[in-house]
Protein chains: 2
Amino acid sequence: MDHKGRLRRLQESLHRNRLDALLVTHLPNIRYLCGFTGSAGALLVLDKKRVFFTDGRYRTQAHAEVQGCTVIVSKKGALVACAEWLRAHRKSSSRMRRRVGIEGEHITVAERSRLSSILPGDSLLRPAPALIERSRMLKDAEEIEQIRKAVLLGADLFDVILKAIRPGVKESEVAAELEYAARKAAAEGMSFPTIIAGGTRSSLPHGRASDAPIPGSGFVVCDFGVILAGYCSDMTRTVFVGRPAGEARRVYEAVRRAQQAAIEAVRPGVTVGEVDEAARKLLKKINLDRYFTHSTGHGVGLEIHEPPRIAAGQAEVLRPGMVITVEPGVYIPGKFGVRIEDMVVVTERGCQVLTPTSKTLIAL
Amino acid sequence: MDHKGRLRRLQESLHRNRLDALLVTHLPNIRYLCGFTGSAGALLVLDKKRVFFTDGRYRTQAHAEVQGCTVIVSKKGALVACAEWLRAHRKSSSRMRRRVGIEGEHITVAERSRLSSILPGDSLLRPAPALIERSRMLKDAEEIEQIRKAVLLGADLFDVILKAIRPGVKESEVAAELEYAARKAAAEGMSFPTIIAGGTRSSLPHGRASDAPIPGSGFVVCDFGVILAGYCSDMTRTVFVGRPAGEARRVYEAVRRAQQAAIEAVRPGVTVGEVDEAARKLLKKINLDRYFTHSTGHGVGLEIHEPPRIAAGQAEVLRPGMVITVEPGVYIPGKFGVRIEDMVVVTERGCQVLTPTSKTLIAL
């Protein structure tokens, strides 16, 4: 991955964002910029210098992984070490205060207080714009290839789910088979807690696999993803155990068409709000929109949920290289739910659906 | 679980902490107080009222799970809904400003800004003491039973690891067997990414299971835990593949004795720093303390890492009902590492080791 290029571009953007430094504490942002995959670190990016801080547990790993930065290992923890470094390297020559950007969406109120208490008086902490998240929204070719591999692995694993789903089998057992196969296939882990939600539980949009048995008849929502070399996949298919009656078929078909409509709306220049509206409009025609209780999708990459949010009224404009989910759903409380989700990458002329799995209703 | 008692005791503590309300946003704290297990929510605890906010995805689940609170489902998300509720319920009669505590260790700088922009002028946001974390440190009998079950399940699963470890097998395959067995045994998931680190990788204190093969000879650090009914387990055993030579045996024995010394130090009235010192002192005698690069342990409960931190110089005093790990380790860079970890509960007179697994060196 192009860590040094990413760091350089971030450095070049500091000045026009009126920052002398950016303190990066959000771990996926750290991984994106310098390659560190551990769970404790802070990255300080200055005009002419990049310093990565971690603690003793990650000494060897940091030296092996971190690209383009000086590595400092401290007993005091990354954040304190970083603040002390800033104090020791104050710009005594300048009469200007040093403006240190922090990641307001990630750093806690207490962490900011601790930083402030250590920093010298000539440093000014300032919540910075989401520079790295905005850069991460646009995946480069290497990232898209990595995401594609993760998506294809996820799609392969859907077969494992289909084999495991039988009336009476616990949802958690289906998840167990899936996750075992994922690990065997070199996934680092699942990108979020696996959702296997059968029968009335399918009406819970976030029905994590439970001890409930798969019912003799009804929908089963299967929403899962893997992490491969740091990148996440995310897909949902809803299958039917038994023979689906008219209402179930109608709702499934409506969700399938809504999802297709949203995918067809994805192209450069369109706002994410318009993509959301495309799905919602179709469900509205048949009075199902009130059961579509979440947004249409989200960006995916090093994190399972990252910008942009594909939601009503959002103004973010799609650009080539964005990778998003398209996942409308209909949840009728106490009855059943249906969700269908693909990952798509925005291309120069439209989009490409990464998830290869059929969306025809499968009856098991 | 005693959700209503926990909520009542928190309400009773507001006044003496000079708060009119506490806004709880840290999910494990929300679960502890009211039972909600979803991934989006905010809990507002006032003197005479408790209101839980979530979004549409969790409507059914919130109504089913949340104890002792009014449930409000909002399209705008939990935090905004909570701020708007506070604005709509301002105490017009009082001339005092309403002091709303926030969880400074958990709420982000950006979340605080968003809250501030909505709240009425008579509300004052103030980082609150860690009231809930302090309460959570002391587990009640029901919690200890739940933790014991999780620990025993973890210990059973160690046999799966022993069967899976063979030279040439990938670390990730060992993890796959473990995690599959955990799911089959009703674990909701693993409490952290499984560490299986063989050969020189054992010298990485946080060596997540990788694609590296188990070597023909050397240590394998196995650190893993399960989540059962929300409560975490955590254990580490280090086994040897092949016949351990003198140095390996000596280091293993040193860690084993250091761990035993720390366990023997655990009793009410002792500080956590003294427990850390007990392990470190023993390693110092044989010049291994410089390779013990992390703290001795941490609290465990609804979170895998929670207070107290068992670290050098920490002044927290052990009390009955605390559940902590004791896990010294020695990591010789580029050579090998050894860690041994049990969970223990502090009792009236000393402690009880929850982890039943033998610590004699196992050679496979």
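Arg183(B) forms a salt bridge with Glu179(A), with the closest N and O atoms 2.8 Å apart. A salt bridge here is a side-chain nitrogen of Lys or Arg within 4 Å of a carboxyl oxygen of Asp or Glu. Six salt bridges are counted between chain A and chain B. The model is predicted: local features need pLDDT of at least 70, side-chain atom pairs count only at pLDDT 80 or more, and totals for chains, interfaces and linings use all residues. Residues are numbered from 1 along each chain as its sequence is written, chains are lettered from A and ligands numbered from 1 in the order in which they are written, and side-chain values use heavy atoms, with hydrogens and water left out.

The interface joins 36 residues of chain A to 36 residues of chain B (contact: heavy atoms within 4.5 Å). About 3,200 Å² is buried between the chains, 52% of it on carbon and sulfur atoms. Buried area is the accessible area (1.4 Å probe) that two parts lose on being put together, summed over both. On the chain A side, Arg57(A), Val109(A) and Arg183(A) lose the most area to chain B, together 23% of what that side buries.

Chain A superposes on chain B by a rotation of 180° with 0.0 Å of shift along the axis (RMSD 0.0 Å). The same surface serves both: 100% of the contact residues of chain A recur in chain B. Within chain A, Thr108(A) comes closest to the axis, at 2.0 Å (C-alpha).

Over all chains, 11 aromatic pairs are found. Rings of Phe, Tyr and Trp (its six-membered ring) pair if their centres lie within 6.5 Å; planes under 30 degrees apart count as stacked, over 60 as edge-to-face and the rest as tilted. Phe36(A) and Tyr58(A) pair edge-to-face, at 5.5 Å between centres and 85° between planes. Both Phe36(A) and Tyr58(A) are buried (under 20% relative accessible area; exposed is over 50%, partly exposed in between; 1.4 Å probe, protein chains only). In chain B, the ring centres of Phe219(B) and Tyr252(B) lie 6.4 Å apart with planes at 15°, so this pair is stacked. Phe219(B) and Tyr252(B) are also buried. In chain A, ring pairs link Phe219(A), Phe240(A), Tyr252(A) and Phe336(A) into a cluster.

Key
Copies are superposed by least squares on the C-alpha atoms of residues with pLDDT of at least 70 in both.
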